[in-house]
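Here is a short briefing to read alongside the sequence and the model. Please have both open as you go through the points.

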Amino acid sequence: MNEKELQKQLQTKVKRKLEPLFARYKMDFSGIDATLKWKPMVLIIGNYSSGKSTLINELVGQDIQRTGQAPTDDSFTIITSDTGVENVETPGSTLVNDENLPFRHFKAFGEKLISHICLKQIASPMLENMAIIDSPGMLDATSENDRGYDYMQVLGEFAKMADLIVLMFDPHKAGTIKESYEAIRNTLPEKSGEHRIVFVMSRIDECDHLSDFTRSYGTLCWNMSQMTGRKDIPHIYLTYAPSVVDQSTVAEGWPQERPELIEKINKAPSFRINHILEDIDRQVNEVQIVSEAVFDFIKRTKKIFWKFANISVGVAILLFLFGDVLLNSLISFPQDTLITSIRTGVFSLTNLIIPSIMAIAVLFIGSFGFTSIAFKQQLKKALASPEGLVSLESTYRKNLWEKMEGKVRENLEGLTVGDLWSNYGRSLAKVKNFLNNDLKKYYEKIVT
Ligand SMILES: Nc1nc2c(ncn2[C@@H]2O[C@H](COP(=O)(O)OP(=O)(O)OP(=O)(O)O)[C@@H](O)[C@H]2O)c(=O)[nH]1
Ligand SMILES: [Mg+2]
């Protein structure tokens with residue numbers, strides 16, 4: 001099975017199986033839906049004037065994006081190629097309303113962003129199975145506030161969908177890498193997201209001396225080790241744009257990893273299925289921990305319910321049989337008790353009225369007590385320390401919990417007594433089954 005077929009299959013099966021589960025736990029399925037919907041994507045981000053648009057023009061072999069020394073571009077431009085459509089530009093307002101495109105969730109960022117997104121369809125063989133996203137260059141923190149939308153969060157949203165994220169920095173602004181990195185890192189799968197990021201130091205022809213270069217490179221490495229928390233520095237592609245740089249002005253022996261970078265970008269579609277599976281994996285694990293917590297609460301509360309039920313039913317039976325005797329001894333009413341009427345053989349249905357009322361009253365008090373006191377108390381207790389509902393034996397689980405605790409609370413707060421019988425155990429089993437069986441099978445399919 002090829003990757004496209006597998007993606008199609010995932011799209012229908014995953015949607016059918018997961019969408020109802022996500023809805024049950026008040027989780028957003030649109031992220032997975034968006035990833036499954038479209039072509040592989042490469043996101044290019046970095047500081048302004050780092051050469052993002054120049055690289056894109058080079059990749060597609062056309063001057064499709066404007067370039068320039070000052071901050072040039074203030075829009076997210078999605079560039080792709082579809083047969084029969086040439087040089088068509090679609091505004092954000094159309095994109096965010098198109099069901100067949102994965103951009104609907106960007107609507108939530110507001111009009112300002114929508115007016116700063118567009119899709120360009122051009123004739124380009126390399127973009128037939130891929131889209132490249134050019135992004136507005138990162139400015140300093142104060143200017144970022146003027147954009148009118150949360151730029152960092154939008155970057156994160158695009159990063160979630162991307163199969164490859166090219167983080168570009170020029171030697172003059174190597175210090176600003178941290179902000180961009182942080183904006184995207186939190187949105188990627190914890191275990192594997194790092195592999196999707198490619199670090200690029202561009203415009204290195206502008207370092208006239210080795211000392212300039214090493215200073216910038218050093219700053220970049222220092223920042224990278226700070227943000228990744230790792231001692232080993234990931235590969236940094238050192239490049240300059242052959243389209244704008246006169247080769248003869250570049251010192252001999254100066255590094256140039258442009259061809260390797262371009263090859264890496266061209267390979268992005270082949271990581272697609274793997275990334276989709278990793279994303280699904282991450283999000284279903286999130287659903288699982290919520291589901292476990294809810295089910296644990298349900299189990300504990302059901303135990304309390306059965307205690308209440310046993311006591312109430314026991315008392316109701318006793319009162320049904322002997323309640324009228326008790327009443328009779330206290331207030332001499334009713335004159336004929338159920339027991340004596342049965343014993344003397346003058347039993348009539350009226351003898352059942354008082355015992356039944358007493359039994360029903362007890363059952364009613366029991367159920368009222370459970371619903372308005374015991375259930376609420378259990379809920380309060382669970383909300384006071386929800387971490388007690390799940391086992392947090394590994395760091396991975398602890399981190400997952402930290403991220404999902406809010407969702408667990410939201411789910412618990414929405415529960416009613418009726419939910420004790422609405423099959424949360426089955427939902428948890430379905431989540432587990434998806435992770436342990438379905439997902440495993442999909443991973444196996446891409447290995448073979
Ligand atoms: N010397 C040199 N100049 C470059 C290189 N790459 C791009 N440029 C120039 O740098 C300027 C900025 O390039 P762009 O491609 O517009 O940069 P950008 O990252 O898209 O910038 P914004 O869209 O504003 O964020 C342009 O004038 C390019 O011609 C390079 O490798 N070396
Ligand atoms: Mg640009």
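Which residues of strand 5 (residues 131–134) point one way and which the other, and are they buried or exposed? Ala131 and Ile133 point to one side, Ile132 and Asp134 to the other, and all are buried. Strands here are DSSP runs (E, at least two residues) and helices likewise (H or I, at least four residues), numbered from the N terminus; buried means under 20% relative accessible area and exposed over 50%, with partly exposed in between (1.4 Å probe, protein chains only).

Before the details, a word on the source. This is a predicted model, in which local features need pLDDT of at least 70 and side-chain atom pairs count only at pLDDT 80 or more, while totals for chains, interfaces and linings use all residues. Residues are numbered from 1 along each chain as its sequence is written, chains are lettered from A and ligands numbered from 1 in the order in which they are written, and side-chain values use heavy atoms, leaving out hydrogens and water.

- The model has an open sheet of 8 strands in the order 3-4-2-5-1-6-7-8, with mixed pairing; two strands pair if DSSP finds at least two bridges between them.
- Strand 3 (88–91) and strand 8 (236–238) stand at the edges with a single partner strand each, so one side of each has no neighbour in the sheet.
- From one strand to the next, the twist averages 20°.

- Strand 1 (residues 41–46) and strand 6 (residues 164–169) run parallel and are joined by 5 bridges.
- Leu43 stands opposite Ile165 of strand 6.
- Strand 6 also pairs with strand 7 in the parallel sense, over 5 bridges, and Leu167 has Phe199 of strand 7 as its bridge partner.
- Strand 7 runs parallel to strand 8, with 3 bridges between them; here Val200 stands opposite Tyr237 of strand 8.
- Strand 7 is mostly covered, with 5 of its 5 residues buried.
- Ile197, Phe199 and Met201 point one way from strand 7, whereas Val198 and Val200 point the other way.

**Helix 8 against its surroundings**

- Helix 8 (residues 177–185) has these buried residues: Ile177, Ser180, Tyr181, Ala183, Ile184 and Arg185.
- They pack against strand 1, helix 7 (151–161), strand 6, strand 7 (197–201) and helix 9 (210–228); contact means heavy atoms within 4.5 Å.

**Helices 13 and 14**

- Two packed helices are described by the angle between their axes and the distance between the axes.
- The axes of helix 13 (residues 350–384) and helix 14 (residues 395–413) come within 10 Å and cross at roughly 175°. Axes are lines fitted to C-alpha atoms, for helices over the stretch in contact, and angles run from 0 to 180 degrees between N-to-C directions.
- Helix 13 is therefore roughly antiparallel to helix 14; angles over 145 degrees count as roughly antiparallel, under 35 as roughly parallel, 65 to 115 as roughly perpendicular and the rest as oblique.
- Leu379, Ala382 and Leu383 of helix 13 meet Arg409, Leu412 and Glu413 of helix 14.
- These contact residues divide into 4 nonpolar, no polar and 2 charged. Ala, Val, Leu, Ile, Met, Phe, Trp, Tyr, Cys and Pro count as nonpolar, Asp, Glu, Lys and Arg as charged, and the others, Gly among them, as polar.

**Two residues of helix 11**

- Gln283 lies in helix 11 (residues 272–331) and is buried, with a relative accessible area of 10%.
- Leaving aside neighbours within four places in sequence, Gln283 is in contact with Phe22, Met27, Asp28 and Ile32.
- Leu330 also lies in helix 11, but this residue is exposed, with a relative accessible area of 63%.

**Cysteines**

- The count of disulfides comes to 0, a disulfide being a pair of cysteine sulfur atoms within 2.5 Å.
- The closest cysteine sulfur to that of Cys207 is in Cys221, 13 Å away and so too far for a bond.
- Cys207 is buried at 5% relative accessibility, and Cys118 is buried with a relative accessible area of 12%.
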